[in-house]
Amino acid sequence: MHVVLLFALLGVALGAPMTTQDPSTTPKKAPPTPCDTTLQWEGRSSEWDHVREYNNRFLISFDGKNQRKRLMEEKRSYMPGHRYIEYLQFYNDKLEYQIDHTYNVCTKLPLGPWRNHTIPDDAVLEDQYDVGQPGHAIYANEWSDRVTGRYKEEWIGVFTTAKDGCWPLFEVYSKDEANKSISYSTRFFNLSAGIKDPSVFDIPDICKKVQLTPLPDLPTLVNEVQPTQAPGFFAKIKAWLFQRKNDSSDKLLKKAGVVKTWGKQMDQI
């Protein structure tokens, strides 16, 4: 009797008894939507070209309003004799100017599809994670352009959240078209909003009368191109040996028995 009375008093003191809420009726937190990146910014980038197997670092000026970019290779003291190229990319005109500042030469090339370095409106949220030291990390969202029925994504981008300014951190872009492949992995850092000097997009005088140069055929990622350096090298040796055979210096060939042996081996290649 005393126990029943005690529970009755606790019920009055604490109010209505607690009930367990059905999880299916609990409102779910809406997933984040793509945030808007700054349309104009500058900074640095490190880009790995998977087709050419080459890495480079750039100073980058990005103008999303007018769909243009300016990339300037960073000088590296450990690469003596390296030629430093400036790239002016005008995607509205589908043109790129490559300016070799070492030899003061400009090349005009056709330009591929626009790489926006921002999150598409229909992007799919793939993952969320912290980047950096615990307690001081940056919270990042990973997006892709994945669609149903396609073999793989063409674009994956990692961005800070809208709270932190929605800045690009890392991007993978890969696209196959007309038996050619382009594939890049790019890291972005030291970014700042705006373009300090818009004249970086001015076309220099040495480029204004340059004719358009067609792009060379590039190897695809699917079909590997067989190396041609070795056959070309042996072909030159073989031609040289044949020329020596026809030389009037027969005595030299008789003495060089090893050379004759090489000639026979070259005939079998």
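## Disulfides, cores and rings

A disulfide, meaning a pair of cysteine sulfur atoms within 2.5 Å, joins C106 to C207, with an S to S distance of 2.0 Å. The structure is a predicted model, in which local features need pLDDT of at least 70 and side-chain atom pairs count only at pLDDT 80 or more, while totals for chains, interfaces and linings use all residues. Residues are numbered from 1 along each chain as its sequence is written, and side-chain values use heavy atoms, leaving out hydrogens and water.

Helices (H or I, at least four residues) and strands (E, at least two) are DSSP runs, numbered from the N terminus. The torsion about the S-S bond of C106 and C207 is about 110°, so this disulfide is right-handed.

The structure holds 2 disulfides. The other bond joins C35 to C166, and its S-S torsion of about 80° makes it right-handed. C35 lies in the loop between α1 (2-14) and β1, and C166 in the loop between β9 (155-160) and β10 (168-177), so the pair ties together parts that are 131 residues apart in sequence. With bonded cysteines counted along the chain, the disulfides follow the pattern 1-3, 2-4.

| Cysteine | Relative accessible area | Class |
|---|---|---|
| C35 | 12% | buried |
| C106 | 10% | buried |
| C166 | 2% | buried |
| C207 | 1% | buried |

C106 and C207 also belong to the largest nonpolar core, which has 11 residues in all. A nonpolar core is a set of buried Ala, Val, Leu, Ile, Met, Phe, Trp, Tyr and Cys residues joined through side-chain atoms within 4.5 Å. Strands β4 (85-90) and β5 (95-100) each supply at least two residues of this core, and β5 gives the most, with 3 residues. C207 touches Y97, I99 and C106, not counting residues up to four places away in sequence; contact here means heavy atoms within 4.5 Å. A second, separate core of 9 residues includes I60, F62, L71 and Y87.

A search of the whole structure finds 7 aromatic pairs. Rings of Phe, Tyr and Trp (its six-membered ring) pair if their centres lie within 6.5 Å; planes under 30 degrees apart count as stacked, over 60 as edge-to-face and the rest as tilted. The rings of W41 and F62 are stacked because their centres are 5.0 Å apart and their planes lie at 25°. This pair links strand β1 (residues 40-49), which holds W41, with strand β2 (residues 54-63), which holds F62, 21 residues apart. Both W41 and F62 are buried.

F62 also pairs with W114: the ring centres are 5.7 Å apart and the planes are at 20°, so this pair is stacked. W114 is in the loop between β6 (105-110) and β7 (124-131), 52 residues from F62. Ring pairs link W41, F62, Y91, W114 and F188 into a cluster.

The charged end of K69 sits over the ring of W114, 5.3 Å from its centre. For such an arrangement, NZ of Lys or CZ of Arg is within 6 Å of the ring centre and within 35 degrees of the ring normal. The charged end of R68 likewise sits over the ring of F201, at 4.1 Å from its centre.

Conventions: Buried means under 20% relative accessible area, exposed over 50%, partly exposed in between (1.4 Å probe, protein chains only).
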